[in-house]
Every structure is written in structure tokens, then in C-alpha cells.
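Subject: Structure for your files

Hello,

The structure we spoke about is below, with its sequence. My notes on it follow.

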Protein chains: 2
Amino acid sequence: MAETMKSGSTHEPKKPGPQSNLQLVAAKAGVSVSSVSRVLNGGSASEELARKVRDAAAELGYVPHASARSMRTGRTDQITLAVADVGNPVYVQMMRTVTGIVAKAGYRLVVSSTGSDPQAQIDLVTSLNRGYADGLLMSPLRITEDLIEAMRSSRLPIVVIGTLPADVALDNVRADSATGIGLAVEHLVAQGRRRIALVNGPVDTVPGSARLAGYLAAVERFGLPTSSELQVTATAFTYRAGRKATAALLGQASPDAIIGANDLLGVAALKELAAAGARVPDDVAVVGMDDTDAAELATPSLTSVDLGSAKRAKAAAKLLIRRIAEPDAPVSRIVIPPALSVRESTGGPA
Amino acid sequence: MAETMKSGSTHEPKKPGPQSNLQLVAAKAGVSVSSVSRVLNGGSASEELARKVRDAAAELGYVPHASARSMRTGRTDQITLAVADVGNPVYVQMMRTVTGIVAKAGYRLVVSSTGSDPQAQIDLVTSLNRGYADGLLMSPLRITEDLIEAMRSSRLPIVVIGTLPADVALDNVRADSATGIGLAVEHLVAQGRRRIALVNGPVDTVPGSARLAGYLAAVERFGLPTSSELQVTATAFTYRAGRKATAALLGQASPDAIIGANDLLGVAALKELAAAGARVPDDVAVVGMDDTDAAELATPSLTSVDLGSAKRAKAAAKLLIRRIAEPDAPVSRIVIPPALSVRESTGGPA
DNA sequence: GAGGGGTTTGGGAACGTTCTTAAGAACGTT
DNA sequence: AACGTTCTTAAGAACGTTCCCAAACCCCTC
């Protein structure tokens, strides 16, 4: 499985000497270190000097040393993105968006996968004080008092993607799950469904509790049955957990529609229904949430509540970049309105 | 959509003063800066001194400054991972694996999405010389001479995930697509399939050319028809491109099996076949490659060639970490053997 | 009590950059 | 010819850390 070969057999000069620095460039150009710095950072200089410096820098292949520069300037040109699980499609979507935006603004992206453990998130926030990044984008799955306190007392700007208690004065960008679920229920009701079930994720998480509340509100608003047999909770927002939870649901109730609290749970419901011999959407309609690629790829394709994950990520990234530039700007809270993407699983177009 | 509120209305002290440093800790503890550094880095010290230092550090909430430390030590505790598209499931899988390994080894992960543009990859490699990371993991989609030259002359260690020309002396971890496709073809032949089609991605990419070569070899080995109508090329390794390519394929040939060059193309084939009214696997069997989550979530679930993306990522990360520690270790090349995950799309268990 | 070995502590240089301050040059005005 | 103004360049401090080296101390032995 592993074959090893000697190095250096094919070619010769590996390292182009040690990292060249301002001093070497200055020596080569016959000018002072400060002049080199000034020229390279766009300060004023004579034609003559600028030419000498640029030639010398090019010849030596000079590139500024990141740590040294950031020690002096206090900026690192890095932004950290912290998510619970880099594998979850909704975070993938956010990451894809964020990557583009921060890169365009000249930042590198540090990705941190914290899991759902609140302590790991707190550790992350305090580790920010090491100053390895200029700001933090985080989407916490579980929010505790300690985490909020840690975020509050952070020296660096933090933008939260997700809902926060009303009295926390931190920039944040949130979805409106309640309205989103309302759209799903309304759509299902319009199709004559009445026994609408919810396959939720853990209710002690931010999205889990929001989605349960939204579901209950919508079901009540439309005068639908709210029997607790129609509500099940998966142990995580994953496909596997969703299969189990849906199986349990089908064992205890006969819904004519199922809402999955995210697309993975929705797809799990689809697959579990198929395994049980139920037809979708004829017997049971299914709706997912987040409108990720997984919804489009599913068979039948999954109607999904678009909670604007890409828009949220984009807004959050821009907010963070702005706050880094203006630390004293007023706190903003942005709410991204939801939309419904109707697909085959609720009778939409093939 | 955006509601803005004044900051600082709810609570008071935001910043806990400027970042505390060794000097402040030393002053508070009544000892020298060097002693503080020594104690905090586990050097020898008296009980008394150690206690004073630790108390002072805790009281001030001291955390070492990342840039300053790395300027002095030459290490950044960061590793960069460069992939073409953070959204592609196979890269997601790699990223998930890599995240865990580098975090456990005490590194932060910088993620860079280069696209398939060779120049962007070259720029990335040269930017490494800024010294913002200790090493680079990269999985290049297209490899040019210039890119190889850039990687060769890099001051920092690079581990390539993917196939490289034989004479390039860089650590790398590769899949064996040829054998992998062989497994798929063998499996299909055993089920009596003979008109086996390939829905490939761009052939000027590393995986594209490898998979085409593997397909041709396998088809020839089993004495199957090699008509060019059975080979189509999608414009990218994406779902949408796969739908189009499969539609074209079905318009020009009547395969009894389709191999997608990755899972997205495989799922696209599934969906396109369903849209065309063909039954899977009864009329046409389908196989994907990479064995990502998308294969399991598909309906019918997709048989897929496991090219060991998680194992490759793991091996590559460990290799890089080792090379950072021992820069002069011999170059290693690791080949991860493929395996076949049989699922419903070729008649496997439901 | 002086000398010597070993341990513990502190002083200070160095990493590569930016930026403030000041020195020097060029030039026009009185 | 002396002086002020403006522009260009250089010197050197500072960022916070680590680590080499020397100073200080302790304890033991002679």
C-alpha cells in the first residue's frame, strides 16, 4: 500500500535559500530598509528609487513575511469560520459562499469544526485572543450563557449566523424558521394535507427549538391536529438519525405529510417512506428545510424551505468585514426572509 | 430586511483592555519576562516562581500572541488545504477528515478554494512563501508544468492528493481509478451487462483522464463494445453537467449500464434515466465513483467505487504533519486501493 | 570561610515588518 | 547670500515572543 522512494534523485536545487526579507532587498538595491518598505507599500518615492527597489525585489523573489507584518500592523488578514459539522450540506453551502467573499476581500479563511459541544465553542472564542484572525463568523448549534459571555467579552469582532437572545448586542444574521415552516404548512394545507408531521433534530439546539416552535404555531394557526404522535425528534441533524426517527414516526402515526427539520432529515423521510412502501407525494408529501443540493438530487426531488443559507452567509461575511473596518459601527441584526422551493415531493414539477 | 439597533445599550465593559502580554504578566508577578516565558513553556523553574507566574497569567487572562510567537519560532501552527471546489462532496469528505486530524495535531486549517484554474493554484503556492502556514495539502484538478515547477521550488512542504507524473519527487497520495473502474466493470459484467457507458468529466483534468483510461482498459479487458457513442463528457464534475451529458448519451446509444466518473455524475444519470422512463437497475444499472454521502442518499441508492477519499485525506494529512517535523525524510508515495460499495442501483440490497 | 559545582533567574538580542521622526537635498524667496 | 519650504531618504524604535548567555544564588566540600 505504501511505496517509498529516495528523494532528490531527479533534480537538484530545492530551497531557494532562506526567505528573502526587506534587509536583503535593501542591500541589493543599495537603499535603506524603510525606503523599500515605503515603495512596496505605495508610499511616495522618486522614479529612480522605485525602479531600483522593484528590480531588486523581483530578482530576489521577495514576498513579505505574514507574521512579521501582522505583528506590526495588528492585522492578520484571516477570518475564522466556525461551524458544527463541515459535512452538513447547509454548512457546506455557507462555506462555499463565505470562501468567495472573504477571498475577494483579501482575507484567508480558517475553518474550524467545533462539533455541537458548547465548551469547544467557548474555547474557540477565547483562542481568538491569540490574535490569529481578525474576526470570527460562527454558527453555534447550542447557545449557552457561558458562550454568550465569551463572545461578548471577545476582543475581536464576532458575527453570529443564527438566532440570539434579544438582549445580546452582537451582530447577527438569522433565518426566520417560523415563517419558513409556515410557508411549508400553508403549501401542504393548500394541497389538502392535514396530518402534518415534524421530524425534528435535537430540540436543545438553536435550529431544533426554533423549528419546533414554528411548527406548533403554524399547525395551530391552520387548525390542524397537534397530536404528539406527529412529532418525533432525531438524535442529530443527520441522515441516519432521520431514518430512525421517521421509522418511529410511521410506527406511531399515519401522517399525510412530513416536514423534515433540514434536508438530510427530509431525504431520510423520503427513503424511509419508500422502504415502507408509501408513495410520495401521493400517499405522503415531504418537505425539507435549507434547500441545499441534497434536495434537488433526491428522488423524488424534495420540496424545501429555503432559509437563505447562502444569503445569510454572504450577509454575515460582509457584516464582519465591515465591522473589522469600523469597530464602532452600530450593531446590526439582519433577518433573511424564507422562500419555498416546490419540487416533486409535494407534487411540484418533475 | 435589515433592522439596526444602537450598540452598548444593554451592558457596559466590552473590551477587557488591550491584549495582555508577557511584560504585563511579568510585572504583575514581579519576575522577569524570560521567566514567565520559561514557566509557560514548561521549562524548569521553582515551585514558587511557577505559582506566581501562573497566578498572574490566569488573572490577566494571558494568551500568547500568535504572530509574535510564530515570528520568533518560524512556525505558524497552520496548514493550508487547497481544493478546486469546496462544494464537491468528495472534497467535503476530505475536508471533514483533514479537519479532525490537523486539529488533533494542534494545527489550524486554512481552506482555499482555487477553482480549476492552474494560475490560481500557482499563485497559491507562491503565496505560501509569505509563511502564513507550515505546509500545504493540495488536490489539483489540472496539473501543468508550471504548477509542478512552483510546487517543486516551494520553500514549504507540500503533499499532493492525486496523481503526479512519475518523475516528480513530491509526497503524494493517490487513488487507483483504473483498478476502481475495473471493479465496477467486473461487477457489471457479472450481472450480464455488456453495453457499459461512461459519463466522464472533463478529460483534461487529472481524474477525468485517469478515469477514461481506466474505463477503456477495463472495457477492452472484458471484450466489451468500445463504441465511442458509449462515452460522453460532461463540461464539469457537477450534477447539472451530468444531466446534460446523460441526456446526450441516451440520445445516441442504448447502454445497459452507466458509470459516472463521480457520484454527482452518477446521481445525474439516475435522475436522467428516471426522467426518460428507464428503470434502474432493471433496464440500466448505474455506478458512481467516490462513494460519498450522495451515493447513499440517492434513490435508488447508488453503487459506487470507493476511491478512498477519506483514507487519502487522512494519509496525506499525516504525511504532511510528519514532513513538517522531518523535512528531510524520503519522499513517499502512497496508493490507496479502491473498493466497491454495492447498492440498489446495480441490484444490491435495499 | 573560601572555592566550586549546579540550579534558578534575568538581561537582552533577534525574528521582519511598519512608521515616526529627523536629517539632508533641492529650490524658491527675500 | 541667507533663510524658509517642500520633497526625498534614512535611522531607529516598536510590536511580543523565544532563547542564548551571564549573573545570582544555593549548597556542598575542602
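Four salt bridges are found across the interface of chain A and chain B. Please keep in mind that this is a predicted model. In general, side chains of opposite charge can pair when their charged atoms come close.

One salt bridge links B:Arg240 to A:Glu296, with 3.1 Å between the closest N and O atoms. Another joins B:Asp85 and A:Arg96, where the closest N and O atoms are 3.8 Å apart. This second pair crosses between chains: B:Asp85 sits in the loop between strand S2 (78–83) and helix H5 (89–104) of chain B, while A:Arg96 belongs to helix H5 of chain A. Over all chains, the whole structure has 26 salt bridges.

Polar contacts also cross between the chains. Twelve residue pairs are in polar contact across the interface of chain A and chain B, counting pairs with both residues at pLDDT 80 or more. On the side of chain A that touches chain B, the elements that each supply at least two residues include strand S1 (2–4), helix H5 (89–104), strand S3 (108–113) and helix H10 (239–252). Helix H11 (263–275), helix H12 (293–297) and strand S12 (332–336) of chain A are also among them. H4 of chain A gives the most to this side, with six residues. By class, the residues of chain A that touch chain B are 30 nonpolar, 20 polar and 15 charged.

As for the extent of the contact, chain A brings 65 residues and chain B brings 66 residues. The size of an interface is often given as the accessible area lost when the parts come together. Here about 6,000 Å² is buried between chain A and chain B, and carbon and sulfur atoms give 58% of that area.

The structure has three cavities of 30 Å³ or more. The largest cavity holds about 160 Å³ of space. Which residues are closest to the centre of the largest cavity? They are A:Ser67, A:Gln78, B:Ser67, B:Ser70 and B:Gln78, out of 15 residues that line this cavity. Helix H4 (66–73) of chain A and helix H4 (66–73) of chain B are the elements that give two or more residues to the lining. The lining of the largest cavity is made up of nine polar, four nonpolar and two charged residues.

Last, some backbone details to look at when you open the model:

- B:Val280 and B:Pro281 are joined by a cis peptide bond, with omega about 5°. B:Pro281 is in the loop between helix H11 (263–275) and strand S10 (285–289) of chain B.
- A cis peptide bond also runs from B:Thr299 to B:Pro300, with omega near -10°. B:Pro300 is in the loop between helix H12 (293–297) and strand S11 (303–306) of chain B.
- A:Asp290 has a phi near 110°, a positive value in a residue other than glycine. A:Asp290 lies in the loop between strand S10 (285–289) and H12 of chain A.

Regards

Terms used. Residues are numbered from 1 along each chain as its sequence is written. Chains are lettered from A and ligands numbered from 1 in the order in which they are written. This is a predicted model: local features need pLDDT of at least 70, side-chain atom pairs count only at pLDDT 80 or more; totals for chains, interfaces and linings use all residues. Side-chain values use heavy atoms; hydrogens and water are left out. On a 1 Å grid over the protein atoms alone, a cavity is a set of points where a 1.4 Å probe fits but cannot get out, and a pocket is an open set with protein on both sides within 12 Å along at least five of seven lines; lining residues have an atom within 4 Å of a point. Grid points are joined across faces, edges and corners, and a volume is the space filled by probe spheres set on the points. Helices (H or I, at least four residues) and strands (E, at least two) are DSSP runs, numbered from the N terminus. Ala, Val, Leu, Ile, Met, Phe, Trp, Tyr, Cys and Pro count as nonpolar, Asp, Glu, Lys and Arg as charged, and the others, Gly among them, as polar. Contact means heavy atoms within 4.5 Å. Buried area is the accessible area (1.4 Å probe) that two parts lose on being put together, summed over both. A salt bridge is a side-chain nitrogen of Lys or Arg within 4 Å of a carboxyl oxygen of Asp or Glu. A polar contact is a pair of N or O atoms within 3.5 Å; within protein, one must be able to donate a hydrogen and the other to accept it, and residues adjacent in sequence count only if both atoms are side-chain atoms.
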